[in-house]
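Here are my notes for you, written as numbered points. Keep the picture open while you read, and find each residue as it comes up.

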Amino acid sequence: MEHLGEGRRLEQKTSDEDTIAQLRLVGLPQGAVGLDAGSGTGAVARVMADFVGPAGAVYALDASDDRIAEGRKLAATCEHLTFVQGDLLAPPFEPGFFDFVWCRFVLQHLPQPEPAVKSLVSLVKPGGKLVLGDLDGHGLRHYPISDRLEANLAKLEPGLKGRQDPFMGRKLYHLCFSAGLSDIETHVLPYHMYAGAAPASAIENWRTKLEVARPAMEPVLGSSSDYDAFVLEFLDLLGDPGTFTYSSLILVVGTKRDEFGRGSDSAR
């Protein structure tokens, strides 16, 4: 999704209200040292900073120099929020530095999420929490939908491989379990849910995403004109007042065991 307007797109699509509800659900405590891994411009990190208060600290980690620069400007008055440029697979922090690590809408873009989860687990102190969040069925669940559009969506899935996994959400529990986390909790929340026409802002967000994805997706459908026709039909579907569209956000929370391996084996 990297393009010149990506920082603005991330800010526009991130709801503070939803983020607050999700952080309350997973339990970000006041006074904690937290990390927003893959933070973009820090829309979530700024909310996290409000949660932890001046007794805590939040770090926003992103690989993009542009996102970090934008984020620092947006959070100029927040003294306990620090932006750090770095790689998720080699983060510039000491092991066990954080009480709470948050990573939402990141793993879906990685060809191999397991090394990233291992890296994130290493940053959590014993007894601390790792929260992974991603979408399931992103852009794929609609009714009614034409046979042609449904077939084209199915064709595009192989073209997404290594770039975006629309079913990453359902894989998060297993990733946390395999990483050895305990007390694993899983929450399934509505994300995109449009009973009737989607809001104009959502349609424009999809228009941008489909245009950025064009170089990878267009060859799968055959030609530029074929892709243009697909985009038009998909956006028309989103704007149809008789259509129901939805995807799920899955949040998985796990606790890191101590050096003796102690921790609950229960999973809910």
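**Notes on bridges, a cavity and a pocket**

1. Let's start with Y246, which lies in strand β8 (residues 244-255). Helices (H or I, at least four residues) and strands (E, at least two) are DSSP runs, numbered from the N terminus. Before going on, bear in mind that this is a predicted model, where local features need pLDDT of at least 70 and side-chain atom pairs count only at pLDDT 80 or more, while totals for chains, interfaces and linings use all residues. Residues are numbered from 1 along each chain as its sequence is written, and side-chain values use heavy atoms, leaving out hydrogens and water.

2. On a 1 Å grid over the protein atoms alone, a cavity is a set of points where a 1.4 Å probe fits but cannot get out; a pocket is an open set with protein on both sides within 12 Å along at least five of seven lines; lining residues have an atom within 4 Å of a point. Points are joined across faces, edges and corners, and a volume is the space filled by probe spheres set on them.

3. Which strand gives the largest share of that cavity's lining? Strand β8 does, with three residues.

4. Now the second largest pocket, with about 190 Å³ of space. Its lining has 14 residues, and P111, P113, D165, M168 and K171 lie nearest the centre. Helices α5 (113-123) and α7 (172-178) each supply at least two lining residues.

5. On to salt bridges (a side-chain nitrogen of Lys or Arg within 4 Å of a carboxyl oxygen of Asp or Glu): the whole structure has ten. In one of them, R148 meets E233 at 3.0 Å, N to O. R148 lies in helix α6 (residues 147-160) and E233 in helix α10 (residues 224-238), so the pair ties together parts that are 85 residues apart in sequence. R148 counts as exposed at 55%, whereas E233 is buried at 17%.

6. R214 has two partners to look for. E218 bridges to R214 at 2.7 Å, and both lie in helix α9 (residues 214-221), four residues apart, about one turn of the helix. D228 meets R214 at 2.6 Å; D228 is in helix α10 and R214 in helix α9, so this pair links parts 14 residues apart in sequence. Shared partners join E211, R214, E218 and D228 into one network.

Definitions and conventions. Buried < 20%, exposed > 50% of the residue type's maximum accessible area, 1.4 Å probe, protein only.
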